[in-house]
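Please keep the sequence and the model in view while reading.

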Amino acid sequence: MSVKKDLLVYPDERIKIPSTDVRKFDDKLSEVIDMMREVMEENGAEGLSAIQTGYPYNIVIVRGDDGNILELINPRILKSEGMAKAKEKTLYYPKIEIEVPRYEKIKIIYEDREGKQHHMEAEGKVARVIQRKIDYTFGGTFLAKVDKATREAVEKALADNGLVPEVELCPTFSKRVYFLSVADKLLFFIFLSLFSKLFGVSSETLSKIYTFDKIGILIVFILLVGYFIYGRYEAKKYSSCTSCQIGNMLGSMAKRGVVAIALAVGSYLFVNPLS
Amino acid sequence: MARVVVLGAGVSGHTAATFLRDWLGPQHEVVVVTPNSKWNWIPSNIWVGVGQMTKDDVVFDLAPVYEKVGIDYRQAKAVSIHPEGGEAEDVPYVTIEYTGQGKEGEKELISYDYLINATGPKLNFGATEGLGPDNGYTVSVCTADHATHANEEFQKAIAKMKAGERQRFVIGTGHGMCTCQGAAFEYVFNIEHELRKAGVRDLADIKWISNESFLGDFGIGGLHLKQGGYAASSRLFAESLYTERGIEWTIGAHVSKVEEGKIHYELLDGSTGEMEFDFSMLIPPFAGVGLKAYAKDGSDMTDKIFAPNGFLKVDADYSGKPYEEWKASDWPKTYQNPDYPNIFAVGIAFAPPHGISKPMKSPNGTPISPTPPRTGMPSGIIGKTVAMSIRDMINGAEKPTHHASMAEMGAACVASAGKGLTNGTAAALTVYPVVPDFDKYPGIGRDLDYTFGEIGLAGHWIKHILHHMFIYKAKLKPGWTLIPE
């Protein structure tokens, strides 16, 4: 068998990868399904979604009421009736059992290994397992179906067992801030320079200060561009960090840009020895 | 001197015409032929449909805008295309029939050097018996007038509820081959929002019916919102939202017939059902506007230029390949007609090669799957791209110089779920590319770095700002070219 046998267990975050519809009904598909059946039997599971074995395809297998394994490819829940809570376990969260609300009766459409479309009705335990497995294909675990308190309690229980999700951490300090820090300091000195004439400095000194201001303003704008470029690099690197959003960066740049322009005008009027 | 004729003045046609006018010198002509006297910002029609805006808020007169910039505006509908000329003219021309400007009913020939077909769709209410506001029992928000009528009916329903009468609302798609699920999605949540505001939500049963095979398909096979570095499916997002707002859903449905107060439908499993309603807004399927095409000898060659659904063929792969062989490269890039290089089609008017969502049929053979959307942001981008190509071809280029494949293009969408300065909500989504590219992005076919979404009050503000911004742009006010599509 060329397909790799695997079983994702918390905190493996690949479980959240949304599955894609099966488009090719070929030997590879059969191999994946056969592998899934093996994993299911080995673990004594009631059902399995392909993503639980690391394959992001819309494939679900479920043990039916008669003990046979149902193979559901690209399943969709078409109709549902009733809602009931019952305890559920899943291989992804070992030793965890929680009450999850599910439809009591569902009607689904699906395809078989040959790509032929079928439909079926399911109720009770089978309906419950099918719903849980279909949720996996859309990137959701049963924690998405329960209230926040239950979810947090489960996460705490998992953490107590040493299982902690590998969450992408946003750095509390971003190196791109160095760009702003230098720009702010330059702007501060340029601001101080506006008062130069009050101290009766010579025209020659004023000219030098004015040159400093001009170069300083230019450097500020270069730093702002550098800030944006580096910020975009960080945004790619830490993609879940909201502070990396482009709007925040543009806001920071705009604010300093306006100050820089105002100081440039001030410098031209108050520092320029020729003005 | 070259003459560019643009048929239609919706988002894509208006964009193409106005940019061409801006770029081409006065020696060239830009002619716009549209049966409408007003431009309509269609995304805001849903707010007209719940009484939060009036028709005047979402439309403006085209004539003064076109006069200001020197676009030759003809309030007329296009009747036929003669790409090889004909008995009357040796050069290519279109025939038009006036619907306004005091020439109602008059016919005219307009020759062209370049033709952009941007007619948009025919709202094909006739595809489902009893569908639509004119000859049926459902309302629509597809035009500003339809939306005004929808609001009148909606207010009547609210009045009945205030008098203690329970009302049943059914919102969704009115045929198995509809597109624009997004507009219906917005409308159902705006209805729900307004009913809560009116204090009558407890007397309303709201149901959703659509041809999507899963909630959150939106005609693009669903999308995935990035959360914490991973993607969350639009199905989970949509199901949570519908559940939270107490809206029941029926999916995989082809509405086969509408009677007064009753919708008949067939599901993907071949079963049939009925749904009763007091107020229903169902989006109709779209079709081409019925333009004819004739060869120089006068013979009908509509089939050569147009696909069977009435949309104009462009540089797409129309071989009808099966779903498993669909590729991003099937989608058009230049929107140029393969037989007549001086004819282009933009927006809804171009014939897509196939769907985006998985094609499905009921056991009875009824196709029930969304057709691909070509509205909004992609529509504007395609209009501008074609305008750039035509500008360059007029200036000497031999073939189109710009590409805008929907398989290489991202789109942003802001879907309102209720209007209000402090309590409004909208889902702001970006998706890249619009058409999944399974070769480039194995798995879900999209780049998750550019696919994300949020729902909340800020989304509503963005939607409201966009309303004003795009109307400003469409009115060609100072700086309009700087506003993106």
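**Chain A: domains and sheet**

The model is a predicted one. Chain A is divided into two domains, domain 1 covering 13–160 and domain 2 covering 177–270. The centres of domain 1 and domain 2 of chain A, taken over C-alpha atoms, are separated by 56 Å.

Chain A contains an open sheet of five strands in the order S1-S2-S3-S4-S5, with antiparallel pairing. Strand S1 (47–49) and strand S5 (117–123) of chain A are the edge strands, each pairing on one side only. On average, neighbouring strands of this sheet are turned by 40° against each other, direction ignored. Three bridges link S1(A) to strand S2 (residues 59–63) of chain A in the antiparallel sense; A:Leu48 has A:Ile61 in S2(A) as its bridge partner. Across S1, S2, strand S3 (69–90), strand S4 (93–111) and S5 of chain A lies helix H2 (residues 124–137) of chain A, which runs at about 95° to S4(A).

**Chain A: the surroundings of one serine**

A:Ser196 is placed in the loop between helix H4 (177–193) and helix H5 (203–237) of chain A. A:Ser196 has 18 other C-beta atoms within 10 Å and is therefore partly exposed. Not counting residues up to four places away in sequence, A:Ser196 touches A:Val201, A:Leu206, A:Ile209 and A:Val271. One of these, A:Leu206, is 10 residues from A:Ser196 in sequence and 7.3 Å from A:Ser196 in space, C-alpha to C-alpha.

In chain B, strand S15 (residues 253–259), strand S16 (residues 262–267) and strand S17 (residues 272–276) are joined as set out in the table.

| Strand pair | Direction | Bridges | Residues between the strands |
|---|---|---|---|
| S15(B) and S16(B) | antiparallel | six bridges | two residues |
| S16(B) and S17(B) | antiparallel | five bridges | four residues |

B:Lys262 of S16(B) is the bridge partner of B:Glu259, and B:Glu276 in S17(B) is the bridge partner of B:Lys262. In the hairpin of S15(B) and S16(B), B:Gly261 takes a positive phi near 80°. In the turn of the hairpin formed by S16(B) and S17(B), B:Gly270 has a positive phi of about 90°.

**Nonpolar cores**

The largest nonpolar core has 179 residues, of which B:Val6, B:Ile116 and B:Val346 touch the most other members. Helix H6 (residues 181–197) of chain B gives the most to this core, namely eight residues. The contacts of B:Val346, not counting residues up to four places away in sequence, are B:Ser12, B:Gly13, B:Ala16, B:Ile116, B:Ala118, B:Tyr335, B:Ile382, B:Gly383 and B:Val386. A second, separate core of 13 residues includes A:Phe179, A:Leu180, A:Met249 and A:Met253.

**Contact between the chains**

How many residues does each chain bring to the contact? Chain A and chain B bring 23 residues each. On the side of chain B that touches chain A, the elements giving two or more residues are strand S13 (230–233) and helix H7 (234–244) of chain B. S13(B) supplies the largest share of that side, four residues. By type, the residues of the side of chain B that touches chain A comprise 10 nonpolar, eight polar and five charged.

Note on methods
Residues are numbered from 1 along each chain as its sequence is written. Chains are lettered from A and ligands numbered from 1 in the order in which they are written. This is a predicted model: local features need pLDDT of at least 70, side-chain atom pairs count only at pLDDT 80 or more; totals for chains, interfaces and linings use all residues. Two strands pair if DSSP finds at least two bridges between them. Domain bounds come from an automatic or database domain assignment. Two residues are in contact if their C-beta atoms, placed from the backbone, lie within 7 Å. Ala, Val, Leu, Ile, Met, Phe, Trp, Tyr, Cys and Pro count as nonpolar, Asp, Glu, Lys and Arg as charged, and the others, Gly among them, as polar. A nonpolar core is a set of buried Ala, Val, Leu, Ile, Met, Phe, Trp, Tyr and Cys residues joined through C-beta atoms within 7 Å. A residue is buried if 20 or more other C-beta atoms lie within 10 Å of its own, exposed if 12 or fewer, and partly exposed in between; C-beta atoms are placed from the backbone. Axes are lines fitted to C-alpha atoms, for helices over the stretch in contact, and angles run from 0 to 180 degrees between N-to-C directions.
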